[in-house]
Amino acid sequence: MNVSETSPSNGVKPTSTDLQKSFLRHLQYTLVRDKYSATKADLYLALAYAVRDVLVERWLDTQQSYYNNDAKRVYYISMEFLMGRALGNSLINLGIMDEWQSALKEMGIDVEELLAQEWDAGLGNGGLGRLAACFLDSMASMSLPAYGYGIRYEFGMFYQKIVDGNQYEAPDNWLRYGNPWEFDRQEHLHKIRYNGRVVSFSDEQGETRYSWVDTTDVMALAYDFPIPGYCNETVNTLRLWSAKASRGFALDSFNQGNYMGSVESKMRTENISKVLYPADHVAEGKELRLRQEYFLSSATVQDIFYRFAKMHNDLKLLPEKVAIQLNDTHPALAIPELIRILLDEKQLGWDTAWDIATNTFAYTNHTVLPEALEKWPVRIMEEILPRHLQIIYQINECFMKQVAIRFPGDNDRLRRMSIIGDEGEKHVRMANLAIVGSHSVNGVSALHSQILKDDLFHDFYELWPERFNNKTNGITQRRWLKHANRWLADLISSRIGDGWVTDLDQLKKLIPLADDAEFQQQWIEVKRANKRVLADYIYKKNGVVVSPDSMFDCQTKRIHEYKRQLLNVLHVITRYNRLKANPGANVAPRTAIFSGKAAPSYFMAKLIIKLINSIGAIVNNDPAVNNRLKVLFLANYNVWLAEMIFPASDLSEQISTAGTEASGTGNMKYSLNGALTIGTLDGANIEIMEEVGRDNIFIFGLTAGQVTGLKNAGYKPLDYYYRNQELKQAIDMIGNGSFSPGNPNLFKPIVDALLGIDNYLLLADYASYIATQNDVDKLYLQPHEWARTSILNTAGMGKFSSDRTIDEYAREIWGIHPEKISRHSRRDLF
């Protein structure tokens, strides 16, 4: 029997012989290897190809079923998809992990060693991309007709190296050895146009039309990745675009003998899909970023039209068959691109085109920080996308008329709501464009969505209250518990069954077990086993011995001032000073673990990384505290490393200034794996508190309202500095060279920022944070009480499944429903 015909979802379990035959067939015929020449990388590829065979048949069936059912489909456009490694996730979702482990064990091969051979796909950086990946998993697991669209970055973000405590960026060459999970689709090649000029003419009806001519062209080539649902027949598609030079690239230069010039032109063209988020603090990087965003938007919209046209020729039906979700403003240029195609290529009128666009698009906002909202200088857009700027101006003109009718005489409101901003250099406000061009605008936590309505987009909310809604983020329990923490998943399933894998609310069945002493002990043993795994990794990578009996206190996320890694640092220094002053203090031993990347041009964030490593160099080598406090920075944070950290964590640091974090999803992953949270009332922390209970989470600090009030009253960080001796001592040590003996002024910029402005109110929250950390210590010294609270945290995570989030999107925004996937005979291939 062909292994692709055997799987749990078909009710037929593959035999070890079936699996071994498939594995050896690929080793011999696909890779041309035998047992004498095969490396571990070859064995990984053989397994990947064998698993891929199972996916491919379902993939073909899924796509054909969508056509047969004439399904309405959602297209999720995102600049990032932080997918993680595909093999383990595929084995879990296909329900054949145990079968493959047994089959390969009989051959003397350890599946875990093969899983470690895979590189993380370099398609994202942080929460935005990981959320998109979780959403794809949920959409497939819920049998929803969905496609992800992104860019196939050749080098991803960057590979982070820590040298002498400093971050250095190296290319993330994740495609160096190929990628067995992608399929290039050479028939799906779309022309992307830049620059040029716009000419007007009259059509046969005397209507003014526009043509975009003399453009510089780039080709977008599609690469498809299969996204398997959990134990069902659905395999959806993530389509990624790669930039290729057009056939006519620099032909004149080539024909004139300027071969180098023509090759350089080709390289510049293909730079568009080389790197995620080029540095935009320089003009070249900013221009490349805009080209990337339009590249993604245009290729995707053209592809959507291509697929729609296979079944329909009435463009007015587009909103009935297509939903497009913009994951933040990066793909917002899809709005004027869709309108351009409807106007210039399909010859529709403005009103019809606008109605189609607004009923098709929906926009998810991911920030509450005004300075983080995307703005593009008009002069750059005019040069690169002249026709789109024209369309944006027309959108804005119509919109301003609408606002003026609704709010007559309110010129300040017109200025605030305009898509074109004129403060400083004239620019396009991409968030305003996304709101105006969409029928739905959602935030990603209850607090975040309320801030959008009350503050950030209040003017728009007053105009269109019906457009605004909340969709609290979620995570997929398949990857973040069943795959990442198999020991805990097995323990949970042994007591309550495995229904939680597709219905996370079933974790509530753990609540009665929280007081069961035997279950508490099993829970403790699983946590300790996971901590040993992480401790081994830390020793291997950092050369530091850490004790699994210490509290693993973790803050792993993008390094940014608003996320307040510095507040955590101030606690570490305070703790160090207390241990030095009172060696006999009865406090829990701690291992403070930091991980995350700083943007290459973000000076302060990179200095914070240096400070963390410098503190670790002092603390970790001080025999006075050596067994009671360790400080680690783990380099190159990615999904694979996160899958090791979350199961091992005891304490999750979610300490952003209240009102600055849109949601966060790391907080959910930590809690799902039994970590306790210390956090502010920010983002989804509030909803986590509501679900797990106020007594089972460590909340500290100012509320979002109190933050605003304090800033409005005139916040003076120096008052807090002089009032609190421990705080003053910690900051002085940063500033006087205690952690940089050879360069006492190294961290002066950090001290100046804290004492001068302290934008994110670290000093105001310090005392509350330290007091709450004392409460954390007290509970950790009671292992079974800690275990009880840990169990209740996991039990309360049902709301935070991405399945729940996606169900809300599907019902309330997209108007799509699950589709039955019909198995097709392989004879149908021809």
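These are my notebook entries on a predicted model.

**Ground rules.** Residues are numbered from 1 along each chain as its sequence is written, and side-chain values use heavy atoms, with hydrogens and water left out. Because this is a predicted model, I take local features at pLDDT of at least 70 and side-chain atom pairs only at pLDDT 80 or more, while totals for chains, interfaces and linings use all residues.

**The parallel sheet.** I looked up the strand order and got β19-β18-β17-β20-β21-β22, six strands in an open sheet with parallel pairing. Strands are DSSP E runs of at least two residues and helices are H or I runs of at least four, numbered from the N terminus; two strands pair if DSSP finds at least two bridges between them. β19 (629-634) and β22 (698-699) sit at the edges with a single partner strand each, so one side of each has no neighbour in the sheet. I also checked β20 (residues 651-654) against β21 (residues 676-679): they pair in the parallel sense over four bridges. Leucine 651 is opposite leucine 676 of β21.

Next I looked for helices on this sheet. Helix α23 (residues 603-619) packs there, touching β18 (590-595) and β19, and its direction makes about 145° with that of β19. Helix α24 (residues 639-648) packs on the sheet too, touching β17 (551-556), β18 and β19, at about 140° to the direction of β17. Contact here means heavy atoms within 4.5 Å. Axes are lines fitted to C-alpha atoms, for helices over the stretch in contact, with angles from 0 to 180 degrees between N-to-C directions.

**Serine 614.** I found this one in helix α23. Is serine 614 buried or exposed? Serine 614 is buried, at a relative accessible area of 8%; the cut-offs are under 20% for buried, over 50% for exposed and partly exposed in between (1.4 Å probe, protein chains only). Its side chain reaches the backbone oxygen of lysine 610 at 2.8 Å. Leaving out residues up to four places away in sequence, serine 614 touches Phe739 and Phe747.

**Cysteines.** I counted zero disulfides, a disulfide being a pair of cysteine sulfur atoms within 2.5 Å. For cysteine 134 the nearest cysteine sulfur belongs to cysteine 231, 18 Å away. Cysteine 134 is buried at 1% relative accessibility, whereas cysteine 231 is partly exposed at 33%.

**Helix α27.** In this helix (residues 704-713) I noted Ala704, Val707 and Leu710 as the buried residues. They fall within an arc of 125° seen down the axis, so they line one face of the helix; the arc is that of the directions from the helix axis to the C-beta atoms. They pack against α28 (717-723) and α31 (762-780). Exposed Gly705, Asn712 and Ala713 are on the face turned away from the buried side. Just after α27, glycine 714 has a positive phi of about 95°.

**The β3-β4 hairpin.** I saw β3 (residues 159-163) and β4 (residues 166-170) pair in the antiparallel sense over five bridges. Lysine 161 has tyrosine 168 as its bridge partner in β4. With two residues between the strands, aspartate 164 takes a positive phi near 55°.

**Glutamate 233.** I placed this residue in the loop between β8 (216-228) and β9 (235-245). Glutamate 233 counts as buried at 16% relative accessibility. Its side chain makes a polar contact of 3.3 Å with that of arginine 823. Such a contact is a pair of N or O atoms within 3.5 Å; within protein, one must be able to donate a hydrogen and the other to accept it, and residues adjacent in sequence count only if both atoms are side-chain atoms.
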